[in-house]
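Work through the exercises below with the sequence and the model open side by side, and try each task before reading its solution.

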Amino acid sequence: MATAGAGGEVRWLDDHATTAARAAEALGAPVGAIANSLVFTLDDEPVLVLTSGAHRVDTDFLGSRLGGRLARASKETVRDATGQVIGGVAPVGHPAPVRTLVDVDLRGHDVVWAAAGHARTVFPTSYDELVRITGGTPTPVVPPAE
């Protein structure tokens with residue numbers, strides 16, 4: 001994280017924070033300020049989606065925006081792509097660059113909390129910093145509300 005230029009200090013939680021709700025409760029933060037690190041495959045290539053904990057990625061919507069079929073990655077694909085296990089995947093620190101998308105809904109929070117590579121670690125960041133350190137593409141991950 002330091003190599004990527006993240007400014008926040010890693011915080012160890014008392015318990016595993018493998019869901020946005022658990023992380024939000026442990027931090028006293030809104031669930032929407034939790035950046036879930038989810039690995040999908042887009043036509044068999046891994047894609048990291050950093051999404052607000054306030055909603056689920058709409059795979060049909062996002063896949064259509066990206067011009068392919070988006071599906072949840074297997075735990076083996078997650079490990080191969082990120083070097084980390086499901087439940088604690090950090091947005092950076094992967095063995096090789098992973099195409100990354102950053103949910104635009106995260107920009108509504110002054111502080112965004114992301115996993116730090118272990119199910120009991122998180123770090124504070126901002127939306128802008130998250131986009132910068134990941135080289136991610138800001139994108140909606142759910143259709144706009146009508």
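**Exercise 1.** Determine how many residues of strand β5 are buried, and find which strands pair with β5.

*Solution.* In this predicted model, begin with the cover of strand β5, which spans residues 99-103: with buried taken as under 20% relative accessible area, four of its five residues qualify, and the strand is mostly covered. Next, look for its partners. Strand β3, residues 45-52, pairs with β5 in the parallel sense over four bridges, and in this pairing leucine 50 stands opposite valine 102 of β5. Strand β8, residues 137-139, also pairs with β5 in the parallel sense, over three bridges, and here leucine 101 stands opposite threonine 137 of β8.

**Exercise 2.** Decide whether the radius of gyration of the chain agrees or disagrees with that of a compact globule.

*Solution.* Start from the expectation: a compact globule of 146 residues would have a radius of gyration near 15 Å, and the chain has 14 Å, so the two agree. Finally, turn to burial and contacts: 47% of the 146 residues count as buried, and among contacts between residues at least 6 apart in sequence, 63% join residues at least 24 apart.

Methods. Residues numbered from 1 in each chain as written. Predicted model: local features only at pLDDT ≥ 70, side-chain atom pairs only at ≥ 80, totals over all residues. Heavy atoms only, no water. Buried < 20%, exposed > 50% of the residue type's maximum accessible area, 1.4 Å probe, protein only. Helix = DSSP H or I, 4+ residues; strand = E, 2+ residues; numbered from the N terminus. Pairing = 2+ DSSP bridges. Rg over C-alpha atoms; globule rule 2.2 N^0.38 Å. Contact = heavy atoms within 4.5 Å.
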